[in-house]
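Subject: Structure handover

Hello,

Here is the structure I promised to pass on. Please open it and keep it beside this email while you read.

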Amino acid sequence: MKSQYLLGLGLVSLLMVTCVQKASSKQLLTNFVSANANTPILLSKMQNVDNFGKSAAKTTIKSGSFVSGEHTTQGNVNIVTQNGQTFIELERSFKTSSSGPDLVVVLHRSPNVIGSTRPPAYSLKRGDYLVIAPLQKFRGTQRYRIPQNVNLADYQSVAIWCRKFNATFGSATLRG
């Protein structure tokens, strides 16, 4: 286990030295080293390995701030493009409740999900949203790729939704 960790760390060091793109050690380690130092680095879990060293600047095309629904949810979200792909990025300020058993990140057609649904659950109607991915963590920076066949003009907000109980924890109206 220790030798795998050291081998992975050596790989990261080699990539840092050979990388043409300017990046801080902290950013590179964030992409390549697990949060738990005792966990070996798995190449299959690295983000954007295909584009390593070729990464173009990202462009923010829409952004918003979360408002609470079923549970307190706060922070900022951005829709960004980079290397021909589009992503939902939750900023470091993002935080939601850990009470949901099946939280997902969705794009929603309404600009005001919380205002257009009823408390306490703020239930979503089928056809009004598109599930992008399961929520990775309850707080902090995270990124979700939006499939290329999605027309962003059809969606006006991002929401954190509990699929199991059809409860919207919070949503953010996207402004461009």
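In which sense do strand β4 and β8 pair, and over how many bridges? Strand β4 (residues 85–90) pairs with β8 in the antiparallel sense, over 5 bridges. Two strands count as paired if DSSP finds at least two bridges between them.

Some ground rules. This is a predicted model: local features need pLDDT of at least 70, side-chain atom pairs count only at pLDDT 80 or more, and totals for chains, interfaces and linings use all residues. Residues are numbered from 1 along each chain as its sequence is written, and side-chain values use heavy atoms, with hydrogens and water left out.

The whole chain

The protein chain has 2 helices and 10 strands. Both kinds of element are DSSP runs, numbered from the N terminus: helices are H or I with at least four residues, strands are E with at least two. Along the sequence the pattern reads α-α-β-β-β-β-β-β-β-β-β-β. The chain has 176 residues, and 36% of them count as buried. Buried means under 20% relative accessible area, exposed means over 50%, and partly exposed lies in between (1.4 Å probe, protein chains only).

The accessible surface comes to about 10500 Å². Carbon and sulfur atoms hold 51% of that surface. These areas come from the Shrake-Rupley method with a 1.4 Å probe; for residues, only the protein chains shown count as cover.

Now the contacts (heavy atoms within 4.5 Å). Take those with a separation of 6 or more: 65% of them join residues 24 or more positions apart.

The sheet

8 strands form an open sheet, in the order β7-β6-β9-β10-β1-β3-β4-β8, with antiparallel pairing. Its edge strands are β7 (129–134) and β8 (142–146), and each pairs on one side only. Neighbouring strands are turned by 30° against each other on average, direction ignored. Axes for such angles are lines fitted to C-alpha atoms, for helices over the stretch in contact, and angles run from 0 to 180 degrees between N-to-C directions.

Walk through part of the order. Strand β1 (residues 59–68) pairs with β10 over 3 bridges, antiparallel. Here Ser-68 stands opposite Gly-170. β1 also pairs with β3, antiparallel, over 6 bridges. Lys-62 has Ile-79 in β3 as its bridge partner. Another 6 bridges join β3 to β4, again antiparallel.

Which strands are enclosed? In strand β3 (residues 76–82), 5 of the 7 residues are buried, so β3 is largely enclosed by the rest of the structure. In β8, 4 of the 5 residues are buried, so β8 is largely enclosed too.

Start with Ser-171, in strand β10 (residues 167–173). Ser-171 counts as buried because its relative accessibility is 3%. Leaving out residues up to four places away in sequence, Ser-171 touches several residues, among them Phe-66, Val-113, Ile-114 and Val-158.

Ser-98 sits in the loop between β5 (95–96) and β6 (103–108). Ser-98 is exposed, because its relative accessible area is 51%. Its C-alpha atom is separated by 8.6 Å from that of Lys-137, 39 residues apart along the chain.

Best wishes
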